[in-house]
There are 2 protein chains.
Amino acid sequence: MARIERVAFCGLGIMGSPMAANLARAGFELSVWTRTAQKAERFAAEHGARAAATPAEAAEGAEATITMVPDAPEVESVLFAAAPALGEGALAIDMSTIAPTAARAIGQRLEQDGIDFLEGPVSGSRPKAEDGTLTIMAGGEDAAFERALPLFEAMGERIVHVGPRGHGQLAKLLTNTMGAVNAAALAESVVVVKKAGLNPEAFLEVAAGSAGGSTVLGLKGGPMFERDFGPLFKLDHMLKDVRHCLAEARALGVELRLGTVAETLYARAAEAGHGEEDFAAVLTAVE
Amino acid sequence: MARIERVAFCGLGIMGSPMAANLARAGFELSVWTRTAQKAERFAAEHGARAAATPAEAAEGAEATITMVPDAPEVESVLFAAAPALGEGALAIDMSTIAPTAARAIGQRLEQDGIDFLEGPVSGSRPKAEDGTLTIMAGGEDAAFERALPLFEAMGERIVHVGPRGHGQLAKLLTNTMGAVNAAALAESVVVVKKAGLNPEAFLEVAAGSAGGSTVLGLKGGPMFERDFGPLFKLDHMLKDVRHCLAEARALGVELRLGTVAETLYARAAEAGHGEEDFAAVLTAVE
């Protein structure tokens with residue numbers, strides 16, 4: 001299989017834009033498509049890429065097409081539209097977070113057109129996307145993973161081939177659900193700290209060195225006390241991931257009790273209008 | 001106030017024993033008491049300390065008495081028994097984790113005998129107690145904290161004066177409850193990973209670099225997959241801390257929804273006979 005040189009990148013959102021920029025920086029010949037045409041043109045001008053008017057136009061001549069979009073319906077509409085242009089032997093890599101069952105179904109359908117499909121959902125919000133230090137949780141065949149590796153290395157730092165298709169997505173859903181639960185538990189503590197009049201700095205300092213330490217404590221502890229909900233990862237997206245995770249677990253016969261409470265809290269925050277804010281805004285549902 | 005040279009240490013359990021050993025190593029003149037007389041004698045022989053038959057005998061001539069025992073009733077019985085021997089101007093330091101309200105009441109009663117009282121609950125299980133790298137969450141007056149600092153420095157690394165009496169204990173209860181929730185959420189993930197046939201090593205590797213990363217993931221992820229529940233921190237003690245935390249929060253008018261689910265899960269594991277095992281055994285309540 002030829003080394004990948006030309007890459008189509010579809011979806012230039014909070015995450016997709018810096019990820020695509022890192023591919024351009026690494027020397028890949030890039031064509032880009034995103035829902036808003038001006039955004040693609042601006043990106044193309046800035047990073048020496050080619051802006052495409054449709055996913056199919058972006059995929060034209062590319063050995064690999066990457067999707068970084070909100071959920072499975074968007075992945076399907078992009079990849080199924082691009083498939084005829086991709087052609088036999090091409091590789092489609094979905095780096096969005098979607099349900100494992102949906103990922104498997106998309107892979108099967110693309111295979112019928114001779115297109116390899118690999119999933120590579122990521123962890124780490126915008127700063128890690130910019131630094132090219134994302135964690136990438138790949139799911140698919142060994143050969144597809146090997147072909148995609150140079151692309152992943154341009155975007156990520158911890159790159160793990162978790163297993164067959166669906167296993168990368170399931171790992172992503174589980175880790176995000178842990179993050180959602182940990183952040184909601186942090187929000188509960190923040191509310192108590194405020195009510196009791198504890199010193200927030202002292203609390204965050206001891207918490208970081210305690211059994212309650214976590215990635216979200218370091219990232220969201222300060223913002224929660226300051227009520228800074230500028231989105232690094234949108235609450236609506238976290239809620240979507242938790243819901244996919246609960247559904248997958250249920251299909252396996254496992255009831256996630258903490259995950260279910262988290263779902264209730266994030267849903268309440270979303271209903272109150274915090275869906276476009278950072279998921280740290282789960283605090284509003286605890287208050 | 002004179003520098004503390006002679007210290008009475010009461011409670012040589014999983015945590016107390018290495019903490020007292022670090023005080024001896026740092027040059028403090030140590031007398032020790034614990035429930036089992038032979039344990040105190042063995043410790044005394046090994047570390048050049050004096051074994052005492054009662055808390056009062058241990059406190060005789062000491063400028064400071066430290067307690068490291070399971071809960072408030074034990075703290076009270078030790079310190080109230082030792083108080084007459086301690087004498088005016090002495091310092092009592094409780095490093096156990098107990099309810100903030102109980103800590104405040106104990107402090108008030110000791111003050112009537114002219115004894116200063118400081119709380120200094122710790123985070124970090126046995127390995128950090130051995131290395132002298134505990135996190136210490138002090139609550140009390142500035143003067144008492146300053147006097148205790150050389151002792152704390154022999155046992156801990158991250159030493160924070162959180163605030164007045166009760167605030168150290170509340171910080172400890174909140175951080176442990178976050179740890180309890182994070183560990184239970186991890187257990188939920190572990191059960192799904194097993195059911196879905198995901199590779200445990202790959203899962204733990206990506207999880208460590210994900211939004212779901214946490215102190216308990218690093219400490220308990222491996223043991224949960226291996227079902228190694230050898231106690232570094234007993235499940236019964238975690239359950240006690242979560243219950244104290246829920247009660248304190250409720251008194252402040254805050255309902256901890258995730259904390260409540262965690263309480264149910266740890267209680268179920270304890271009822272099934274896992275109370276003396278490590279709190280990683282919360283896994284058994286999720287399965």
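Just after α2(A) comes G48(A), with a positive phi of about 65°. Keep in mind throughout that this is a predicted model.

P100(A), A102(A), A103(A), I106(A), G107(A) and L110(A) are the buried ones here. Down the axis of α5(A) they fall within an arc of 155°, so once again the buried residues line one face of the helix. What do the buried residues of α5(A) pack against? Their partners in chain A are the helices α4 (72–86), α8 (167–196) and α11 (235–251), plus the strands β5 (91–94) and β6 (116–119).

**Two domains in chain A**

To their contact, domain 1 of chain A gives 16 residues and domain 2 of chain A gives 13. Together the two domains of chain A bury about 1200 Å² between them, with 63% of it on carbon and sulfur atoms. How many salt bridges are there between domain 1 and domain 2 of chain A? The count is zero.

Over in helix α8 of chain A you'll find T177(A). With a relative accessibility of 5%, T177(A) counts as buried. Setting aside neighbours within four places in sequence, T177(A) is in contact with D241(A), V242(A), C245(A) and G259(A).

**Chain B against chain A**

The size of an interface is often given as the accessible area lost when the parts come together. For chain B and chain A, that comes to about 5000 Å², of which 69% is on carbon and sulfur atoms. M178(B), R257(B) and L258(B) supply 13% of the area that chain B buries against chain A, more than any other three residues. In residue terms, 58 from chain B are in contact with 58 from chain A. Across this interface of chain B and chain A, the salt bridge count is zero.

Within chain B, helix α8(B) takes in residues 167–196. Its 30 residues should span 44 Å at 1.5 Å a residue, and the end C-alpha atoms are 43 Å apart, which agrees. Is α8(B) largely enclosed or largely open? Of its 30 residues, 27 are buried, so α8(B) is largely enclosed by the rest of the structure. Next comes G197(B), whose phi is positive, near 75°.

F145(B) belongs to another helix, α7 (residues 142–155) of chain B. Its relative accessibility is 8%, so F145(B) counts as buried. Beyond neighbours within four places in sequence, F145(B) touches L118(B), A138(B), F152(B), I159(B) and H161(B). For a sense of distance, F145(B) and G212(B) are 67 residues apart in sequence and 36 Å apart in space, C-alpha to C-alpha.

**Salt bridges**

Side chains of opposite charge can pair when their charged atoms come close. Over all chains, the salt bridge count comes to 17.

| Salt bridge | N to O distance |
|---|---|
| E63(A) and R6(A) | 2.8 Å |
| R227(A) and E287(A) | 2.5 Å |
| E276(A) and K234(A) | 3.1 Å |

The pair E63(A) and R6(A) meets in a salt bridge and links distant parts of the chain, 57 residues apart: E63(A) is in the loop between α3 (55–59) and β4 (64–67), and R6(A) is in strand β1 (residues 6–10) of chain A. E63(A) is buried, at 17% relative accessible area, while R6(A) is partly exposed at 35%.

R227(A) pairs with E287(A). R227(A) lies in the loop between α10 (215–226) and α11 of chain A and E287(A) in the segment after α13 (283–286), so this pair ties together parts 60 residues apart in sequence. Both are partly exposed: R227(A) at 40% and E287(A) at 49%.

Finally, E276(A) forms a salt bridge with K234(A). E276(A) lies in the loop between α12 (257–274) and α13 of chain A and K234(A) in the loop between α10 and α11, so parts 42 residues apart in sequence are tied together. K234(A) is partly exposed, with a relative accessible area of 22%.

Conventions:
Residues are numbered from 1 along each chain as its sequence is written. Chains are lettered from A and ligands numbered from 1 in the order in which they are written. This is a predicted model: local features need pLDDT of at least 70, side-chain atom pairs count only at pLDDT 80 or more; totals for chains, interfaces and linings use all residues. Side-chain values use heavy atoms; hydrogens and water are left out. Buried means under 20% relative accessible area, exposed over 50%, partly exposed in between (1.4 Å probe, protein chains only). Helices (H or I, at least four residues) and strands (E, at least two) are DSSP runs, numbered from the N terminus. The arc is that of the directions from the helix axis to the C-beta atoms. Contact means heavy atoms within 4.5 Å. Buried area is the accessible area (1.4 Å probe) that two parts lose on being put together, summed over both. A salt bridge is a side-chain nitrogen of Lys or Arg within 4 Å of a carboxyl oxygen of Asp or Glu. The expected span of a helix is 1.5 Å times one less than its number of residues.
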